[in-house]
Amino acid sequence: METKLTRIADLAKRRPRMKLQTLIHALDEKSLKAAHSALAADRATGIDAVTKEEYDDKLQENIDNLLEKMKRQAYKPQPVKRVYIPKGDGKKRPLGLPAYEDKIVQKVLNEILTVIYEVEFLDCSYGFRPGRSCHDALKKVTKIIETKKVNFVVDADIKGFFDNVDHGWMVKFLQERIQDPNLLKLIQRFLKAGVMQEGEVYETDTGTPQGGIISPTLANVYLHYVLDLWFMVKVKRESRGEAYLIRYADDFVCFFQYQDDAEAFYGKMIERLRKFNLEIAQDKTKIMEFGRFAEERRIRRNDGKPETFDFLGFTHYCGKSKNGIFRVKRKTSRKKFKAKLKDIAQWLFKNMHMEIGDLVKKVNAKLIGHYRYYGITDNSSGINAYGYRVRRKLVEVLNRRSQKKSLTWEGFAKLEERFPLARARIYVNIYG
């Protein structure tokens with residue numbers, strides 16, 4: 001598989017205008033078994049109710065049957081099982097659970113698409129790409145605002161992006177680089193596999209496969225053509241000043257030197273997205289003055305402090321270093337802070353009767369995960385506040401285990417000597 005992928009990647013790189021053929025051969029016995037081996041064993045099952053362990057019991061037979069169906073063009077992905085998980089704001093988020101065998105095929109498909117499109121995707125795109133992370137995107141945002149001629153930010157949000165991807169346009173975009181009809185047909189089958197909810201199957205005429213391994217890559221392909229190329233080739237050229245775009249999946253921010261460029265882009269963006277059956281969430285999209293001179297200008301106009309914008313879970317605001325030099329700073333966004341606290345509180349109450357050592361061990365894993373993401377330059381207060389609130393919630397939960405409610409803060413401090421909670425710390429240097 002590695003050799004086949006390397007060849008595809010090499011061909012895609014050497015011949016950027018060539019449409020690639022005979023890609024389906026990379027979906028072979030070796031690649032499917034490797035995908036099966038790489039998949040996690042503790043994930044919820046799809047409508048087939050098959051686990052990794054069960055599939056593994058008859059692995060050779062299952063893979064042989066899968067390959068035979070694919071050769072006959074008889075393989076059809078099963079509908080995705082839709083479940084709902086609570087969000088921090090009280091609403092519920094739909095989650096898709098593909099059948100296990102479909103996960104295997106999607107994993108190999110995703111590897112093929114990744115090696116083809118990694119040479120196509122632009123530097124402004126960061127989401128779900130090898131060697132790129134949220135922190136890399138945040139570092140780039142900081143560098144643009146602090147070192148470029150940036151005075152205005154367009155903070156944009158696409159309304160229900162993953163549910164509204166147009167299948168027709170998706171296939172047209174894929175055909176820009178792929179001319180293998182069998183591979184394209186397989187992707188189309190995943191797009192139209194449908195959703196099962198409460199025993200009923202619903203067709204999916206738009207959107208990418210919910211919970212699917214290929215969904216993020218397909219989303220990147222779609223927005224590469226809809227947004228990235230358009231911005232870099234047309235918007236930048238038509239702007240009289242500097243203009244920049246940073247995108248992570250469907251979340252993006254744009255930066256402009258001049259207000260009229262930002263306003264012109266805002267109007268054009270609405271029309272551009274509409275062409276591809278997308279629209280912005282107007283209540284979450286705005287133009288704001290932001291950057292090195294924003295505070296000084298707003299003070300002169302008696303407009304108060306510069307506005308802030310949220311990106312990748314952080315609120316970005318204008319600040320200064322200890323030496324009085326302009327810095328863009330960030331803190332955990334209020335929305336994410338509340339949602340994360342609600343999630344861990346619900347988990348604590350659900351698992352409150354767990355043995356104390358095991359409970360603290362799992363809480364620490366959650367705390368460290370939070371600190372590793374939100375523990376970023378200038379956000380010490382945010383992660384310390386989170387740790388403090390989790391600590392209080394843990395005391396509350398432990399007291400509920402007994403009607404006496406006898407655990408004092410002094411008692412908890414002694415308990416912590418035996419089972420210490422993870423301490424907040426900065427993991428990511430935004431300037432590193």
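Let's start inside: the largest nonpolar core has 71 residues, and Leu27 and Leu174 touch the most other members. A nonpolar core here is a set of buried Ala, Val, Leu, Ile, Met, Phe, Trp, Tyr and Cys residues joined through side-chain atoms within 4.5 Å, where buried means under 20% relative accessible area (1.4 Å probe, protein chains only). Keep in mind that this is a predicted model, where local features need pLDDT of at least 70, side-chain atom pairs count only at pLDDT 80 or more, and totals for chains, interfaces and linings use all residues. Residues are numbered from 1 along each chain as its sequence is written, and side-chain values use heavy atoms, with hydrogens and water left out.

- Leaving aside residues up to four places away in sequence, Leu174 touches Leu113, Tyr117, Leu184, Ile187, Leu218 and Val221 (contact means heavy atoms within 4.5 Å).
- There's also a second, separate core of 52 residues, and Ala137, Met352, Tyr371 and Leu398 are among them.

**The sheet**
- Four strands make an open sheet in the order S6-S7-S3-S8, with antiparallel pairing; two strands pair if DSSP finds at least two bridges between them.
- At the edges sit S6 (243-248) and S8 (286-289), each pairing on one side only.
- S6 and S7 (residues 251-256) run antiparallel and are joined by 6 bridges.
- Tyr248 stands opposite Asp251 in S7.

Notes
Buried < 20%, exposed > 50% of the residue type's maximum accessible area, 1.4 Å probe, protein only. Helix = DSSP H or I, 4+ residues; strand = E, 2+ residues; numbered from the N terminus.
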